[in-house]
Amino acid sequence: MSADSITIRRTAAKILAYCLLVLVTVVALAPTLWIASTSLKPQSEVFQHIPHWIPTHATFENYVKAFDLYPLLTWFRNSLVVAACTLV
């Protein structure tokens, strides 16, 4: 084997590895991105027959409802206290 063919094989292996890493990253991040996208949609867009990644009418209404219905700040504070105590 010549030095050129070894260099070509190494380059091809690196390209393949990077393509695989990009694919795994996209597959891993897709659910999180979908959740973020859905959280910004009004209810009428969430249940459309053909879903869209980007909301046509982005709104923070879902976050306002969540903070009104549940004591999220209290739960967050409790989690911080538990984490701080565990760290100490």
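Modeller: What follows is a set of questions about labels, each answered from a value and a cut-off.

Biologist: How do you know how far the coordinates can be trusted?

Modeller: This is a predicted model, and the chain averages a pLDDT of 93, with 99% of the residues at 70 or above. Confidence is lowest in helix α2 (residues 43–46), where the mean is 88, and highest in helix α4 (residues 72–87), where the mean is 97.

Biologist: Why is S37 called buried?

Modeller: S37 has a relative accessible area of 7%. Buried means under 20%, so S37 is buried. S37 sits in helix α1 and touches H52, W53, I54 and P55, leaving aside residues up to four places away in sequence.

Biologist: What makes Y18 exposed?

Modeller: Y18, also in helix α1, has a relative accessibility of 58%. The cut-off for exposed is over 50%, so Y18 counts as exposed. The C-alpha atom of Y18 is 44 Å from that of L69, and the two residues are 51 apart along the chain.

Biologist: Why is V24 called partly exposed?

Modeller: V24 is at 49% relative accessibility. Exposed requires over 50% and buried requires under 20%, so V24 falls in between and is partly exposed. V24 belongs to helix α1 (residues 3–39).

Biologist: Which residues form the nonpolar patch with V24 on the surface?

Modeller: L20, L23 and V27 form it together with V24, and the four have about 390 Å² of accessible area together.

Biologist: What makes the K65 and E61 pair a salt bridge?

Modeller: The N to O distance between the side chains of K65 and E61 is 3.4 Å. The limit is 4 Å between a side-chain nitrogen of Lys or Arg and a carboxyl oxygen of Asp or Glu, so the pair qualifies as a salt bridge. The structure holds one salt bridge.

Biologist: Where do K65 and E61 lie relative to each other in helix α3?

Modeller: K65 and E61 are four residues apart in helix α3, so about one helical turn separates them. K65 is partly exposed at 41% relative accessibility, and E61 is partly exposed at 42%.

Biologist: How do you know that E45 has no salt bridge?

Modeller: The nearest side chain of opposite charge to E45 is K41, 5.7 Å away. A salt bridge needs a distance within 4 Å, so E45 has none. E45 lies in helix α2 and touches P55, T56 and H57, not counting residues up to four places away in sequence.

Biologist: Why is A66 called partly exposed?

Modeller: A66 has a relative accessible area of 24%. Buried would require under 20%, so A66 is partly exposed. A66 is in helix α3.

Biologist: What makes P51 partly exposed?

Modeller: P51 has a relative accessible area of 47%. Exposed means over 50% and buried under 20%, so P51 lies in between and is partly exposed. P51 is in the loop between α2 and α3. The C-alpha atoms of P51 and T38 are 9.6 Å apart, and the residues are 13 apart along the chain.

Conventions. Residues are numbered from 1 along each chain as its sequence is written. This is a predicted model: local features need pLDDT of at least 70, side-chain atom pairs count only at pLDDT 80 or more; totals for chains, interfaces and linings use all residues. Side-chain values use heavy atoms; hydrogens and water are left out. pLDDT is the predictor's confidence in each residue, from 0 to 100. Helices (H or I, at least four residues) and strands (E, at least two) are DSSP runs, numbered from the N terminus. Patches are made of residues with over 30% relative accessible area and no salt bridge: like charges are joined within 9 Å, nonpolar side chains (Val, Leu, Ile, Met, Phe, Trp, Tyr) within 5 Å. Accessible areas come from the Shrake-Rupley method with a 1.4 Å probe; for residues, only the protein chains shown count as cover. Buried means under 20% relative accessible area, exposed over 50%, partly exposed in between (1.4 Å probe, protein chains only). Lys and Arg count as positive and Asp and Glu as negative; His and the chain ends are not counted. Contact means heavy atoms within 4.5 Å.
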